[in-house]
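Take a look at the sequence and the predicted model below. This report covers helix packing, a sheet and salt bridges.

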Amino acid sequence: MKSPALPVLTLESFPQGRARRPWYLERLAQHVANFPGVSQPHAHDFYLLLYFTRGHGTHTIDLVTYDLQPGALFFMTPGQVHHWQLPHDAQGYVVLFEADFYLYRYPGGRLFEYPFFDHRQPPVLYLPETETHIPWLMERMWQENTQPAPAQDDVFRSYLHICLELAARQYPAAPATFSPEEPLHAQTLLRAFGSLINQHFRTSREVQHYADQLHVSPNHLNALCRRHLGKTASALVQERVLLEARRLLRHFPDTIAQVADALGFEDASYFSRYFRKHSGQTPEAFRQQP
């Protein structure tokens, strides 16, 4: 018998006892008590913030395990697979929100520009004890969730926006990749390229496709990627394909052929050759790893 597929949760997976909202917030201990299955591997179709205030444990995101400790603030995007191991006295907050909720008020580009929502960057920020603004914002958002009041969506969205902006200020700065003289369009183009990869990696792995979407030549796109990211455009697409392949192989019971089909490959043998070429091992060998 085929084992059940990995759950992909939506906001409807977390009943809130009220009319549907495009956001959810709960204290961590209560959240785990209400939905004990969230400790097991699963994906979701919304953004997630996990702020940890007490206890020590582990949080595994896309096969990488991070320390859970007081002050840890995790950021997750739709589609990522995660699970955690929490101590009995764990405390903190869980915030879930749909992209459209944020985009209703704030520019879409900003949501996608936050460094902690970039899969190439660590999805965690360890806040110092001296940081008091983000804990205060979490508490204010929780109060908005529990005490009925006018315009709660607007107020919650404003708190959320400020929380993300303050977190971005504290996030470790990546090595500078753009010189002051670099045209702004180069920065915008590379961010747009990253967004397009997330949208189309299942259906296209050709740099020409992305260059056409961006209205530049493949050579120009490749030169920008090499100059600012240290990788070719093709390598960035490959990384995204392999990330999704590893998620499916590790967390889903599908056959290799089904994984290949889900990723847009013509057949299982082609997918296996692609995976081995770019990862150094076969899909079967990766799946058998502990």
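## Two helices in contact

Leu 221, Asn 222, Cys 225 and Leu 229 of H8 touch Ala 233, Ser 234 and Leu 236 of H9. Sorted by class, this contact holds 5 nonpolar residues, 2 polar ones and no charged ones.

H8 spans residues 218–229 and H9 spans residues 233–251. Their axes lie 8 Å apart, at an angle of about 75°. Angles of 65 to 115 degrees count as roughly perpendicular, so H8 and H9 are roughly perpendicular to each other.

## A sheet of three strands

An open sheet has 3 strands in the order S6-S5-S8, and the pairing is antiparallel. Strands S6 (64–68) and S8 (82–85) are the edges, and each pairs on one side only. Neighbouring strands are turned by 20° against each other on average, direction ignored.

S5 (residues 57–61) and S8 pair over 4 bridges. In one of these strands, S8, Trp 84 is the bridge partner of His 59.

## Salt bridges

Side chains of opposite charge can pair when their charged atoms come close. The count here is 11 salt bridges.

Asp 89 and Arg 54 form one, at 3.7 Å from N to O. Asp 89 sits in the loop between S8 and S9, Arg 54 in S4, 35 residues apart.

Glu 244 and Arg 202 form another, at 3.2 Å. Glu 244 lies in H9 and Arg 202 in the loop between H6 and H7, so the pair ties together parts that are 42 residues apart in sequence. Is Glu 244 buried or exposed? Glu 244 is buried, with a relative accessible area of 8%. Arg 202 is partly exposed at 36%. Shared partners join Asp 62, Arg 202, Arg 240, Glu 244 and Arg 247 into one network of salt bridges.

Notes: Residues are numbered from 1 along each chain as its sequence is written. This is a predicted model: local features need pLDDT of at least 70, side-chain atom pairs count only at pLDDT 80 or more; totals for chains, interfaces and linings use all residues. Side-chain values use heavy atoms; hydrogens and water are left out. Axes are lines fitted to C-alpha atoms, for helices over the stretch in contact, and angles run from 0 to 180 degrees between N-to-C directions. Angles under 35 degrees count as roughly parallel, over 145 as roughly antiparallel, 65 to 115 as roughly perpendicular and the rest as oblique. Contact means heavy atoms within 4.5 Å. Ala, Val, Leu, Ile, Met, Phe, Trp, Tyr, Cys and Pro count as nonpolar, Asp, Glu, Lys and Arg as charged, and the others, Gly among them, as polar. Two strands pair if DSSP finds at least two bridges between them. A salt bridge is a side-chain nitrogen of Lys or Arg within 4 Å of a carboxyl oxygen of Asp or Glu. Buried means under 20% relative accessible area, exposed over 50%, partly exposed in between (1.4 Å probe, protein chains only).
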